[in-house]
Amino acid sequence: MTRRARPAPRPRLAPADPGAAYRALQHAIDRAVRRVLRRGVYILGPEVAAFEREFAAYLGAARAVGVATGTDALTLALRASGVGPGDAVVTVSHTAVATVAAIELAGAVPVLVDVDPDDLTMDPERVDAAVRALERSTRPGRLRAVVPVALYGQPPDLPAICAIAARHGLAVVEDCAQAHGAAVDGRAAGRWGRAAAFSFYPTKNLGAVGDAGAVVTDDPALAERVRALRQYGWRDAPVSHELGVNSRLDELQAAVLRVKLRHLEAATARRERLAAIYAARLAGTGLALPPRHAGRRHVFHQYVIRTPRRDALRAFLHGHGVETQVHYPVPVHLHPAYAGRVVVGPGGLDRTERACREVVSLPIHPELTAADIERVADLIVAWTRTSDAVPAAAVGRACPVAPGAAP
Ligand SMILES: *Cc1c(COP(=O)(O)O)cnc(C)c1O
């Protein structure tokens, strides 16, 4: 008889570990789950209402509306901001495909602009160029909104983006799926635009034990519209006033999120401390590190470095028991669903395509210790000293690498 092989244990040194996040708060989460099971109200009940109040308060926003996913949050936030068929919406291609999908699910046409070459978030100059190019045109649609993404936890230049949008009468709807607690000039990411979408997918900085999302806004009328849209277009009575969807948040997820929200600031502070260790140890290696901007709080959903030899680096780390990830190996405009039909803004998407060849996400979640991060960083330093590592001068915008040069 052959012994059945045990599944390999999940590596601890990985970019995210939702199971470890549960175990860290197991007692409180188990209690919250039992409370919901015993109460017998499972959808849109008191836990959802309380979580909505508590999450809005955490951000300093007037309203939060719980929905089923981050994708739904963005779709419904766009619809409630007046975006629909015949409209165009500017966003980035270096993001989760959900950002772009949500724009199409709202009925609008996405227009993709390039990112800043250093922080990899939406470049305001490219937004400005796209807005000018599209302003007097009805193709691909009447420009209605801008969706900046706080990618990897790094908020984009929201003051500049919001100023451009305001000049042209466009709504800003923030994709904050990776940015719980991020801020610019002391104002939370999610409070710069007319509305913001958050995801609580299990690996996000605030993660449920299933799918969950929320729309955040200071506009009570917009919040009420999202409340109607998330449940068949119902308002006070079960009577539909417009085409809605079923995107309700359930009580179990809300109860778990309430427990985790109480620990979010501590978890974020931990991410910041771990990121500082990477920054100190990897400085001088020539690897491109996440830039720190004065006035912007990066919450390190991911710690993303760049090297043209990232596949070799990943293989090296894997050989030492360290798992990494690539978010995102293929830019959205090159996914089969979008290639050849998506609208690209002025200036093209060269920086986005290059980033997708060079980015690698290192382990960073709050259940890791300083010693874990030191170990990963020291492995990377050792790797950069091996003869096949790329010299420092080949990384960064001063010395572009030709397409296809990366292995
Ligand atoms: C996770 C994510 C989404 C989608 O959220 P889901 O909850 O998975 O639907 C949208 N945008 C970004 C940037 C994300 O990281």
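**Figure 1. Secondary structure and overall dimensions of the chain.** The predicted chain contains 13 helices and 13 strands, where helices (H or I, at least four residues) and strands (E, at least two) are DSSP runs numbered from the N terminus. For 407 residues, a compact globule would have a radius of gyration near 22 Å, and the value of 22 Å for the chain therefore agrees; this radius is taken over C-alpha atoms, and the globule rule is 2.2 Å times the number of residues to the power 0.38. Along the principal axes, the C-alpha atoms fill a box of roughly 70 × 60 × 50 Å. The model is predicted, with pLDDT of at least 70 required for local features and 80 or more for side-chain atom pairs, whereas totals for chains, interfaces and linings use all residues. Residues are numbered from 1 along each chain as its sequence is written, and side-chain values use heavy atoms, with hydrogens and water left out.

Figure 2. The space taken by the ligand is the largest pocket. On a 1 Å grid over the protein atoms alone, a pocket is an open set of points with protein on both sides within 12 Å along at least five of seven lines; a molecule sits in a pocket if more than half of its atoms lie within 2 Å of its grid points. Helices α4 (70–80) and α5 (97–105) are the elements that give two or more residues to the shell around the ligand. This shell divides into 4 nonpolar, 7 polar and 2 charged residues, with Ala, Val, Leu, Ile, Met, Phe, Trp, Tyr, Cys and Pro counted as nonpolar, Asp, Glu, Lys and Arg as charged, and the others, Gly among them, as polar.

Figure 3. The ligand is surrounded by 13 residues, of which T71, D175, Q178, S199 and K204 are the closest; a residue is near a molecule if one of its heavy atoms lies within 4 Å of it. A ligand nitrogen atom lies 2.7 Å from a side-chain N or O atom of D175. Ligand oxygen is 2.7 Å from a side-chain N or O atom of Q178, and an oxygen atom of the ligand is 2.6 Å from one of K204. The protein covers 88% of the 380 Å² of accessible area that the ligand has on its own (Shrake-Rupley method, 1.4 Å probe).

**Figure 4. Backbone geometry at Y328 and Y232.** The peptide bond from H327 to Y328 is cis, with omega near 25 degrees. Y328 belongs to the loop between α11 (310–319) and β12 (343–344). Y232, although not a glycine, has a positive phi of about 60 degrees; Y232 is placed in the loop between α8 (220–229) and α9 (251–261).

Key
A polar contact is a pair of N or O atoms within 3.5 Å; within protein, one must be able to donate a hydrogen and the other to accept it, and residues adjacent in sequence count only if both atoms are side-chain atoms. On a 1 Å grid over the protein atoms alone, a cavity is a set of points where a 1.4 Å probe fits but cannot get out, and a pocket is an open set with protein on both sides within 12 Å along at least five of seven lines; lining residues have an atom within 4 Å of a point.
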